[in-house]
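Hi,

Here is the structure I promised to pass on. Have a look at it first, and then read my notes below.

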Amino acid sequence: MSHREAVGVPAGSSRVSVAGEQIAVSREGQGIPVVCLSAIAHGGGDFDAFAERMTSRFESIRIDWPGHGRSGEASSTPSARRYADVLAEL
């Protein structure tokens, strides 16, 4: 497993087509949804402990940004605007 995959959402997570990107998404737990957004060069794995502890109270929705974690390669230059577009469509 590469370092990139190691910091991403769990293996076997869904991949969805969003804003022209293949985005890896993990949805776990039940209750009020909480969207977990990682920093650049990180991934959904940053929220493993949160997701594990909160599954009975919250639905954690973790994503790997384009070119990060288990998502596909980015099709454009990363920027706050691009990530906002991805998040809005997701």
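The largest nonpolar core is made up of nine residues: Val18, Ala19, Ile23, Val25, Ile61, Ile63, Trp65, Tyr83 and Val86. A nonpolar core here means a set of buried Ala, Val, Leu, Ile, Met, Phe, Trp, Tyr and Cys residues joined through side-chain atoms within 4.5 Å; buried is under 20% relative accessible area, exposed is over 50%, and partly exposed is in between (1.4 Å probe, protein chains only). At least two residues of this core come from each of strand 2, strand 4 (58-64) and helix 3. Helices (H or I, at least four residues) and strands (E, at least two) are DSSP runs, numbered from the N terminus. In soluble globular proteins, nonpolar side chains tend to be buried together.

Before you go further: this is a predicted model, where local features need pLDDT of at least 70 and side-chain atom pairs count only at pLDDT 80 or more, while totals for chains, interfaces and linings use all residues. Residues are numbered from 1 along each chain as its sequence is written, and side-chain values use heavy atoms, with hydrogens and water left out.

Now for helix 3 (residues 80-89). Arg82, Tyr83 and Val86 are buried there. Looking down the axis of helix 3, you'll find its buried residues within an arc of 95 degrees (taken from the directions from the helix axis to the C-beta atoms), so they line one face of the helix. They pack against strand 1 (14-18) and strand 2 (21-29), with contact meaning heavy atoms within 4.5 Å. On the other side of helix 3, Ala80, Arg81 and Ala88 are exposed.

How buried or exposed is Ser17, in strand 1? Ser17 has a relative accessible area of 56%, so it counts as exposed. Leaving out neighbours within four places in sequence, Ser17 is in contact with Gln22 and Glu89.

Compare Ser60, which sits in strand 4. Ser60 is buried, because its relative accessibility is 2%. Apart from residues up to four places away in sequence, Ser60 touches Ser26, Arg27, Glu28, Val34, Cys36, Phe50 and Ala51.

Last one: Val16 is also found in strand 1, and it counts as partly exposed because its relative accessibility is 30%.

Cheers
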